Amino acid sequence: MLSSVRLDRPQTPSVALRGGIPRGRFRLRSLTLGILLTLSSGAALAQSCALGSFSETGSEPCTPALPGFYVAVTGATTASQCFAGSYQPLSGQSSCLPTPAGHFVDYEGASAATLCSIGSFQGSTGQTTCFIAPAGTFVSTVGATASQSCAAGTYQGMEGQSSCTPAPAGSFIAVTGATSSSDAFACAAGTYQPLDGQSSCLPAPAGSFVSVTGATSATSCAVGSFQSLSGTTACSPAPAGSFVAVTGATAQESCVPGTYQNLSGQSACVAAPAGTYISVAGASTASAAVACAAGTYQPSTGQVSCIPAAPGTFVVSTGATVATQCGIGTFAGSSGSAVCTTAPAGSFVNIAGASTPTACPPGSYQSLTGSSTCTLVPAGRYSTATGASSLSVALLCATGSYQDLLGQTSCKPAPAGSFVNVTGATSASSCAAGTFQAASGQASCTPASAGSFVSSLGATSAQPCAPGAFQSSTGQSVCVSAPSGSFVSASGATAPETCAAGSFQGAAGQTSCAPALAGRFVAGAGATTSQPCAVGSYQTLEGQSSCLPAPVGSFVNLTGAATATPCAVGTFQGIAGQAACLPAAAGSYVNTTGASESTPCATGTFQSATGQAACTPASAGTFVSATGATASQPCTAGTYQAATGQSACLPAPAGSFVTSAGATASELCAPGTFQASSGQTTCSPAPTGSFINGSGSSAATPCAVGTFQPDVGQTACLPAGLGAYVNVAGATSSTPCAPGSYQSLEGQSSCTLASLGYFVATAGSTTQTQCALGTWSSTEGATSCTALPVLNIDNSDPNTVYDAGTDGILLLRFLFGVRGAELIADARGEGASLRSAAEVETYLAANLSLFDVDGDGNTLPLSDGLMILRRLLNPLAATTDAPAMAAITAGAKVGTRSDVDIVTAIDALKP
């Protein structure tokens with residue numbers, strides 16, 4: 001344990017080194033002393049108890065140290081208790097653990113650390129007690145590493161507490177770590193605090209005040225007062241012309257228009273009296289109310305304006321509270337009137353409170369003013385004018401109309417079936433026989449039109465001629481029958497219709513024509529008979545004007561046919577209206593009936609005969625690439641076809657070839673050759689740096705790492721020779737190992753770097769060379785060795801050179817940070833040229849990295865320094881003695897070097 005090791009001047013007799021002669025006296029407490037005693041004899045090392053165990057003799061069999069104990073040296077005869085402030089939960093350990101922060105151990109031999117209790121803490125490791133939380137702080141959990149200051153708003157006057165006390169409502173504590181209730185200050189006037197444990201007070205909000213200190217709440221401003229600021233001690237009264245109607249107001253409200261207030265501190269304003277108004281806000285005197293002008297009034301209090309007299313009413317004085325209605329025969333057309341107006345001629349007013357006169361309606365007139373009624377126009381006349389002031393506006397009824405009533409705005413139209421042919425009529429006349437009138441308001445009657453007749457008087461319509469008859473003249477009483485060869489299909493006809501092509505009719509007075517039967521036709525209009533279809537044509541429908549040619553793919557070989565016959569399988573007909581079908585030509589086929597054309601043989605098939613229903617598939621080794629073929633073709637060299645009926649041949653796949661035409665299969669490339677492309681007639685040899693060890697390869701395989709191939713067409717690669725390597729795939733040659741490396745095996749992808757203490761000076765080497773005595777290679781892959789500094793740190797004479805009690809102790813002290821006179825005290829050998837403390841410091845500082853014997857990149861006292869000291873105490877142990885080597889490095893090595901490599905590196909420091 002680093003914290004328990006110290007190098008200083010000894011106070012007791014030292015251990016004798018090198019033949020019993022005291023050389024360099026030192027003390028490392030129990031750890032270093034145990035190391036020196038245990039490692040002083042190479043013969044005992046092999047049997048010594050390992051670190052963490054002990055026995056009565058210090059040799060096997062050994063007992064592991066119990067939890068709470070440790071054994072820090074090999075060959076120990078007893079286990080040591082863990083010091084207070086440390087513990088060890090496991091057995092067989094070589095050191096104890098310092099108590100973590102937040103814990104303590106107050107006795108020796110502890111196997112566990114104890115958590116600091118609530119109200120206490122410990123911020124350091126390796127401690128035997130915990131600190132009590134001081135006043136002004138607290139610790140609320142076990143195992144705390146520090147106390148917490150009381151937050152602002154709280155205090156704690158006692159030590160060792162788990163929480164702080166909040167400041168009472170109405171007060172505050174602005175600082176952290178307060179230790180007394182006297183640190184809480186009462187809230188000032190204008191502020192308050194309703195909660196405990198606060199760090200400040202709250203200002204009284206706008207609309208409220210606090211008049212005392214230490215308040216826990218603010219008081220709302222009373223009705224009639226307000227406060228716009230926060231943190232005040234009083235409220236302000238509302239000034240004249242304003243009011244405050246609620247508590248807690250932040251501002252006064254001005255009296256609205258229609259009201260006033262001549263006092264301060266009021267909760268409402270006074271309304272203006274009826275008959276007056278106030279149009280501005282904030283009025284502060286009663287004289288602000290203004291009397292309503294003539295033509296206006298105001299029945300309500302608290303108004304901002306007066307009401308103008310409504311149309312139909314008037315107000316003759318000021319300050320009025322009501323308006324008066326206009327009388328019958330008068331009106332007031334606008335608002336705000338002081339008098340009413342007499343109704344003019346052409347109008348009347350028959351109600352009180354009228355806003356306008358009523359114009360005489362159409363059909364009436366009035367020539368006087370101030371009237372309450374109008375006069376009706378006489379019968380036989382009408383008037384559409386509104387507001388007429390004389391009878392001259394009434395008009396006589398026009399022809400086609402009449403009127404038998406007074407006061408009308410229009411005339412009546414003559415009813416349907418009658419007429420009026422004079423003005424001013426009071427009745428209508430009926431239409432004469434042979435005429436009719438369907439519309440009203442007419443001055444004459446209408447004769448019956450062609451296609452119709454009228455047989456009675458006063459008719460409102462003519463009757464149409466019935467189907468089968470017609471009438472081409474007007475004003476007639478009968479209709480004429482349709483002649484033969486024609487027909488009339490609808491009523492009201494003015495002429496007969498001729499039978500259309502495809503139909504015929506031999507009788508008169510008919511409503512339709514007869515259709516031509518299936519297999520027959522009628523070519524023109526007005527026919528009386530039908531004709532049979534000719535050879536090559538047919539007709540399946542009735543009423544047709546022609547026959548259909550036999551469609552493509554069929555034929556008709558007789559007259560009067562109603563259907564066509566489909567062509568048989570193997571034949572076709574591409575022209576319509578034919579009497580026979582054609583056979584399929586060679587290279588084509590027809591496999592259905594009714595074909596309009598033959599089908600060319602598909603690719604992959606052919607046909608050499610005519611009139612066939614199918615084609616022949618191309619045989620294996622041949623193909624047909626075009627449609628309509630009469631023969632197949634053989635596959636070309638480089639291609640093949642194993643199946644029948646194919647339109648093309650297949651290219652030989654990659655890895656194969658075809659040498660002749662008509663092939664049904666491809667051949668695989670032989671070992672050592674390949675073919676990357678398809679459709680080839682030969683294979684290529686594998687290029688240098690690759691091989692092919694099987695048949696049918698489409699690519700060569702690159703030689704694996706560690707192998708190469710300088711020739712083409714090979715089935716295997718060659719391994720890299722001794723002293724060489726191949727580190728890439730596909731190599732055509734091997735590479736000699738560079739200086740600093742070697743290779744003793746064949747077929748390798750890299751070379752081995754020279755080990756520590758070895759070197760390789762030339763390229764292509766198969767072995768490494770060990771550094772000569774006095775030299776060393778400190779890194780792997782060295783091409784040469786360099787001279788090492790002498791471990792004779794004190795530069796003493798030969799009889800004390802490489803001495804554990806001098807050189808070993810000097811190195812350990814230096815690594816532990818000891819400097820000056822303390823560094824060399826009682827730790828130098830004999831000689832005239834011993835180095836001074838400053839010289840020792842300079843020497844070690846310059847060569848410090850070379851003492852990193854475990855190769856971890858650091859030179860440390862309890863790893864590198866300790867192992868060097870152990871070796872100096874047991875310098876004769878052979879590196880082949882595994883237990884002795886393990887004892888030297890036990891619990892000390894940090895890097896990855898083996899025990900033998902570490903000891904070898906130490907020995908190299910002693911040339």
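1. Start with helices α3 and α6. Helix α3 (residues 804-815) packs against α6 at an angle of about 180°, and the axes lie 9 Å apart. Axes here are lines fitted to C-alpha atoms, for helices over the stretch in contact, with angles running from 0 to 180 degrees between N-to-C directions. On the α3 side the contact uses A804, G808, I809, L811, L812 and L815, while α6 brings P861, G865, L866, I868, L869, L872 and L873. Contact means heavy atoms within 4.5 Å, and helices (H or I, at least four residues) and strands (E, at least two) are DSSP runs, numbered from the N terminus.

2. Before you read on, the ground rules. This is a predicted model, where local features need pLDDT of at least 70 and side-chain atom pairs count only at pLDDT 80 or more, though totals for chains, interfaces and linings use all residues. Residues are numbered from 1 along each chain as its sequence is written, and side-chain values use heavy atoms, with hydrogens and water left out.

3. How many residues of α3 are buried? The count is 12 of the 12, so α3 is largely enclosed by the rest of the structure. Buried means under 20% relative accessible area, exposed over 50%, and partly exposed in between (1.4 Å probe, protein chains only). The buried set includes D807 and R813. Its packing partners are α4 (821-824), α5 (837-846) and α6.

4. On to charges: a search of the whole structure turns up four salt bridges, each being a side-chain nitrogen of Lys or Arg within 4 Å of a carboxyl oxygen of Asp or Glu. One of them pairs D907 with R871 at 2.9 Å, N to O. This pair ties together distant parts of the chain, with D907 in helix α8 (residues 899-908) and R871 in helix α6 (residues 861-873), 36 residues apart. R871 is buried at 3% relative accessibility, whereas D907 is partly exposed at 24%.

5. D907 also has a salt bridge to K910, at 4.0 Å, N to O. K910 is buried, with a relative accessible area of 18%. Shared partners join R871, D907 and K910 into one network. Another salt bridge has D899 meeting K893 at 2.9 Å, N to O; K893 is partly exposed at 36%.

6. Next, a surface feature: L115, I118 and V142 make a nonpolar patch of about 260 Å². Patches take residues with over 30% relative accessible area and no salt bridge, joining like charges within 9 Å and nonpolar side chains (Val, Leu, Ile, Met, Phe, Trp, Tyr) within 5 Å. Areas come from the Shrake-Rupley method with a 1.4 Å probe; for residues, only the protein chains shown count as cover. I118 sits in the loop between β8 (114-115) and β9 (120-121) and is partly exposed at 46%.

7. Last, T681, in the loop between β73 (673-674) and β74 (684-685). T681 is partly exposed, at 36% relative accessible area. Setting aside neighbours within four places in sequence, T681 touches A637, G638, F657, V658 and T659. T114, by contrast, is 567 residues from T681 in sequence and 89 Å away in space, C-alpha to C-alpha.
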